[in-house]
Amino acid sequence: MVLYGLLATRAEVLMAKSKWNLWVKLRSALRDIYRYSPMRREAIKAASCALAASDGVGFVCPLCEREWPLQMADVDHIEPCGSLLSAEDLPRFFARLMYGKVRVICKICHKKVTAAQRRKK
């Protein structure tokens with residue numbers, strides 16, 4: 001009986017850790033949709049230019065002011081999209097994600113900006 005209680009407690013802990021959360025899944029799905037959206041592609045295309053250091057096409061990161069190939073481009077929302085915790089958050093989150101002001105920065109600077117925003121919370 002004690003063993004069964006121990007197993008049940010462990011199962012409850014495992015279920016709590018892997019609990020399916022609708023809002024986390026929905027936020028992830030919307031971000032995946034944005035990753036392949038024409039809005040994101042247009043932002044990267046608008047930031048692209050011929051690189052002086054090579055014959056290729058790339059962009060200049062406005063934060064570090066270095067030239068990068070387009071593979072290093074990341075789209076940063078100037079106003080963060082915010083969290084998606086309930087149905088009330090959905091219209092604002094979607095509008096900011098798809099139609100908010102963005103800038104194209106390098107992946108390294110984007111990680112730094114995102115980390116700084118998370119520390120502020």
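Q: Where is Ile105 found?
A: Ile105 is in strand β5. This is a predicted model, where local features need pLDDT of at least 70, side-chain atom pairs count only at pLDDT 80 or more, and totals for chains, interfaces and linings use all residues. Residues are numbered from 1 along each chain as its sequence is written, and side-chain values use heavy atoms, with hydrogens and water left out. Strands (E, at least two residues) and helices (H or I, at least four) are DSSP runs, numbered from the N terminus.

Q: Is Ile105 buried or exposed?
A: Ile105 is buried, at 0% relative accessibility. Buried means under 20% relative accessible area, exposed over 50%, and partly exposed in between, with a 1.4 Å probe and protein chains only.

Q: Which residues does Ile105 touch?
A: Leaving out residues up to four places away in sequence, its contacts include Phe59, Cys61, Pro62, His110 and Val113. Contact means heavy atoms within 4.5 Å. The C-alpha atoms of Ile105 and Pro62 are separated by 6.5 Å, with the two residues 43 apart along the chain.

Q: What about Cys106?
A: Cys106 is in strand β5 too, and is buried with a relative accessible area of 1%. Not counting residues up to four places away in sequence, Cys106 touches Phe59, Cys61, Cys64, Trp68 and Met72. Its C-alpha is 9.0 Å from that of Gln71, 35 residues apart along the chain.

Q: Which residues touch the most other members of the largest nonpolar core?
A: Phe59, Cys61, Phe93, Leu97, Val104 and Cys106, out of 19 residues in that core. A nonpolar core is a set of buried Ala, Val, Leu, Ile, Met, Phe, Trp, Tyr and Cys residues joined through side-chain atoms within 4.5 Å.

Q: Which elements give two or more residues to this core?
A: They are α2 (22–35), α3, β4, α4 (90–99), β5 and α5.

Q: OK, α5. How many residues does α5 have?
A: Helix α5 (residues 107–120) has 14 residues and reaches 20 Å from its first C-alpha to its last, close to the 20 Å expected. The expected span is 1.5 Å times one less than the number of residues.

Q: Which residues of α5 are buried?
A: Cys109, His110, Val113 and Thr114. Down the axis of α5 they fall within an arc of 135 degrees, so they line one face of the helix. The arc is that of the directions from the helix axis to the C-beta atoms.

Q: Why would such residues point the same way?
A: An α-helix has 3.6 residues a turn, so residues three or four places apart point the same way.

Q: And what covers the buried residues of α5?
A: The cover includes β4 (73–77) and β5 (102–106). On the face turned away from the buried side, α5 carries the exposed residues Lys111, Lys112, Arg118 and Arg119.

Q: Changing topic: in what order do the three strands of the open sheet come?
A: The order is β1-β2-β3, with antiparallel pairing. The edge strands are β1 and β3, each pairing on one side only. Two strands pair if DSSP finds at least two bridges between them.

Q: How many bridges join β1 to β2?
A: Three bridges join β1 (residues 48–50) to β2 (residues 57–60), and Ser48 has Phe59 as its partner in β2. β2 also pairs with β3 (residues 67–69) over three bridges, where Gly58 stands opposite Pro69.

Q: Which residue in the hairpin of β2 and β3 takes a positive phi?
A: Glu65, near 60 degrees; the hairpin has six residues between the strands.
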